[in-house]
Amino acid sequence: MAGFKQGMRYRILVLAVAVVFLFCMDGVRVLYLQVVKHDELAAKAESQQLSDTEVKAMRGTIYDSEGNILAQSATVWNIFIDPSNINDEEKRTLVVENLSKFLEFDEKEKKELYENTKKDTKYVVVAKKVENSVKEKITKFSAEERLSNVIGTEQTTRRYYPYESFASSVLGFTGGDNQGLSGIEAYYNKELSGTNGRIITVKDAKANKLPTDYETSIEAIDGNSLVLTINQPIQYYLEKGLKEALNEYQCKGTYGIVMNCNTGAILAMSSMPDYDCNDPYKITYSKMKREIAKEQGKKAKATKESECVQRQWRNFTVSDTYVPGSVFKTFMSCAALEEDVVNLDTTYTCTGGIQVDTYWMKCHYHAGHGTQNLTQGLENSCNPFFITIGQKLGAENYFKYFDAFGFTQKTGIDLPGEAMSQYYPEGQYGIVELSSASFGQTNSLTPIQVCTGLCAIANGGTLVKPYIVSEIKDANGNTVKKTEKKVVRRVISEDTSQKVRTMMKAVVDEGTGKNGYVAGYRVGGKTGTSTKLGESKAGEKDKYIVSFAAIAPADKPEIAVLVLVDEPNVDLGGGALCAPIAAQVTEQAMQTLGIEPKYDETEAKDMSTTVPSVIGGTAESTMRLLTSANLHYVVVGSGNTVVDQSPAAGSSIPSGGVVVLITDKTKNQKVTVPDFTGLSVSEAKSAAQAKNLNIRIGGNTVANETVVAYSQSVQKGSQVDAGTVIDVSFKSTKSVLD
């Protein structure tokens, strides 16, 4: 009996120990779950009980300097389905058929949607960034058919660029999740992006959302907006000129910058070929399309297409370097005058070349320019003259000004991917390197560096930092940050600045830059050509990049302009290819900035006159009035009283132009616009007169050599009223690769 009791006590003890042990294990387990695994399990529970939807912040708007919208975001919608709630074939068919109709799916997309409805998941996105009008149709259908647990929508945003390719190399574009991928969009991505919000909703046991009484929202904070320094009319004319040159001369690229030389603000900037910011992967340039078509095989075509896409995205003016050529002679003139190694009366006799060590360095004019002073040397872009100037200056002083003009550092412009210049350090200039560098060869600079340096020449001698965003504003329109002018350093004196500006004006008036002339404005300029060494294949002719730099007005500059044409298919220099573009842009910029023209006597003779009102007068008295105003007339109709006129009263037409007098109720006669391109000034006037049209002459009409028309404001073959005024621009085709 005692043994039985003892055995019983032992079993009870073992059982008690086991129970205590199990309780302890449970306690440890509970402690482990509540403490060690708390965060993980809480997150899992929350994910099962809560629906957490991210609300995208609206990306900030980008404006030009006048408040025009260049980039903006709009609300769009993603459409998703919950396949777990599609429990029969009838419902599946209903969903597939109607969503395919609303979303305009083709058969392949419709089939893919059908397969998605069978997936073992609760969330499948079937369409992204759908417009609100489509979303509303889908929401209405979902409510009517009681499919709210099957079809859902979630808010997101889409980036729009109203002007498509306008300023594309500056603006850049965004990716699928609205992050900036290039240009301003990338550089200012943080400021533009804002902070996303959230909507947290409780779910039931079947993972369906409960009513909004259980919903918590955290509002999104929209991104800041940017106001650019880009001026829309100036940008338009720069792009227009660059695109015309790109297509006419089938170039590798054409590039340009217009800069406020006193503040550093970028008024226009473009790199061609450009692209549509709404569709950045689409090739736009015909030459690129031909290059892709020539490739053999799918892989080779894809590689070439990718290369072309990257090229059209690239902002050459900031992200690439080039040898500036003879434009650099303006900086050499500054350095030499500042160091007093030359003056305006210094002369040099050019014989067509100069011996430097073992090298014979040629002038572009092989016969030689003869004896010339400093201004004439710049007018003629004489290489030997500037070689001698560089040698007088010496390597130490050369590099002193090379550095002072900012050519050894990045400008710091607020755009991504700014390249670093490639140059010989100070201690590596032998006589050959110095001589070559003195006329703009040897060292490679970015276009933005060159244009910034030009501003220092133009504004009296101070280097200013370029910038492209003038103001940052929050979502309520309050200014967060305003860009102020930043002077980097003084480079040259006011006196040297004035002398070099006068020399640059002589280049346009008398030298290689005549096509940069703009009536009523004093334009200073310099042409440039550089050979792209090592880029031509054996047996090919050399490849060139040609340029023209301008400042205006030369007596009190407001802007600096740099235009480049890369690998044109003709052997013409910057004077023929780039200067006409710069002239058109300069004229538009002067008008946009409200700078009044000042005409000299020669220019005044060709000035426009205002057409008087002659409606209601007799034909005879009207003819006398027009004749006294130095205007010609053409009578249309057989009546005695003028019932209509063309151009209208108050219009501006050239002195000696034609006014069409309509003397009965018949409409004014229509005439066909002739092709003025290639005609001289006198030929163009005759062609216009024969059609009873008026032409307003622009561009280079002051060159001694023959000038020809190269563009007209109304396309040839167009039908217009007799008396219509057509702007015709002229240029000299005589050009040197200087």
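**Aromatic rings in a predicted model**

Lys-135 lies over the face of Trp-77, 4.1 Å from the ring centre. The model is predicted.

Q: What makes Lys-731 a charge over the ring of Tyr-710?
A: The charged end of Lys-731 is 5.1 Å from the centre of the Tyr-710 ring. The distance cut-off is within 6 Å, together with an angle within 35 degrees of the ring normal. Lys-731 is therefore counted as sitting over that ring.

Q: How many aromatic pairs does the structure hold?
A: There are 27.

Q: Why is the pair of Tyr-163 and Phe-166 called tilted?
A: The ring centres are 5.9 Å apart and the planes meet at 55°. Pairing needs centres within 6.5 Å; stacked needs under 30 degrees, edge-to-face over 60.

Q: Why is Phe-399 with Phe-402 called stacked?
A: Their planes are 25° apart, with 6.0 Å centre to centre. Stacked means under 30 degrees, so the label holds.

Q: Where do Phe-399 and Phe-402 lie?
A: Both are in helix H16, residues 395–404. They are three residues apart, about one turn of the helix. Both also belong to one aromatic cluster, whose members include Phe-328, Tyr-398 and Tyr-429.

Q: How do you know whether Phe-399 is buried or exposed?
A: Its relative accessible area is 12%. Buried means under 20%, so Phe-399 is buried. Phe-402, at 2%, is buried too.

Q: Why is Tyr-163 called partly exposed?
A: Tyr-163 has 39% relative accessibility. That falls between 20% and 50%, so it counts as partly exposed. Phe-166, at 9%, counts as buried.

Technical notes
Residues numbered from 1 in each chain as written. Predicted model: local features only at pLDDT ≥ 70, side-chain atom pairs only at ≥ 80, totals over all residues. Heavy atoms only, no water. Buried < 20%, exposed > 50% of the residue type's maximum accessible area, 1.4 Å probe, protein only. Helix = DSSP H or I, 4+ residues; strand = E, 2+ residues; numbered from the N terminus.
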